[in-house]
Amino acid sequence: GRLYYDLREQRGLTYGIYGRCFNNPMARILKYYGATQQQHTGAFIRGILDHMAVAADAPPSQAEFDALQTSQYSQIALRQDEPSQRVEDYSQALARQAQAESLADRLIHWQQLTPETLKTMAQQTFNQVPVIVIRGDLARIRPDLEEKLPDWQLKITSID
């Protein structure tokens with residue numbers, strides 16, 4: 001939510017940015033995926049990296065926190081309204097060997113969060129070196145990547 005607010009509302013860089021934490025029993029992965037114009041790929045990724053640093057260093061503003069809380073409430077309610085999403089949540093809870101949280105439990109969890117607790121959670125997550133995988137037309141995105149991220153060493157792979 002914080003990343004979406006920063007990239008979309010503050011920087012105007014993306015058509016959509018989404019994040020998901022895969023909390024599987026054997027791995028924990030925080031995955032971002034999004035869509036932007038190809039010529040802005042470097043700026044988009046620079047924005048994600050900058051955001052990760054800011055999220056680890058500072059709590060969200062009250063406006064950002066309110067937007068995140070509203071977004072999460074809405075997502076929780078929508079997931080509970082869809083039978084297949086309830087089954088998926090239950091299955092994931094079983095895989096984690098945890099109990100599935102009820103709608104009320106999830107809402108209480110979000111009501112108890114504060115900007116400072118979000119900062120602590122961000123520090124635990126974002127203080128690790130990320131692995132970034134980019135998929136796209138190399139000829140179109142490389143110039144912006146090299147301009148916005150000059151210290152990067154690009155490793156090119158292909159499925160050919």
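Q: What makes a residue count as touching Ile-45, and which residues do so when those up to four places away in sequence are not counted?
A: Contact requires heavy atoms within 4.5 Å. In this predicted model, Ile-45 touches Ile-132, Ile-134, Leu-145, Leu-149 and Trp-152 under that exclusion. Local features need pLDDT of at least 70 and side-chain atom pairs pLDDT 80 or more, whereas totals for chains, interfaces and linings use all residues. Residues are numbered from 1 along each chain as its sequence is written, and side-chain values use heavy atoms, without hydrogens or water.

Q: Why is the set containing Ile-45 and Phe-44 called a nonpolar core?
A: The term denotes buried Ala, Val, Leu, Ile, Met, Phe, Trp, Tyr and Cys residues joined through side-chain atoms within 4.5 Å, where buried means under 20% relative accessible area, exposed over 50% and partly exposed in between (1.4 Å probe, protein chains only). The largest such core has 12 residues: Phe-44, Ile-45, Ile-48, Leu-49, Met-52, Ala-55, Ala-56, Ala-122, Phe-126, Ile-141, Leu-145 and Leu-149.

Q: Which helices each supply at least two residues of this core?
A: They are H2 (41-57), H6 (115-126) and H7 (138-148), helices being DSSP runs of H or I with at least four residues and strands runs of E with at least two, numbered from the N terminus. H2 gives the largest share, seven residues. A second, separate core of six residues includes Phe-65, Leu-68, Leu-113 and Leu-118.

Q: What makes up the secondary structure of the protein chain, and in which pattern?
A: Seven helices and two strands are assigned, and they follow the pattern α-β-β-α-α-α-α-α-α along the sequence.

Q: How much of the protein chain counts as buried?
A: The proportion is 26% of the 160 residues.

Q: What makes the lining of the second largest pocket divide as it does into nonpolar, polar and charged residues?
A: Ala, Val, Leu, Ile, Met, Phe, Trp, Tyr, Cys and Pro count as nonpolar, Asp, Glu, Lys and Arg as charged, and the others, Gly among them, as polar. The lining therefore divides into 10 nonpolar, four polar and two charged residues.
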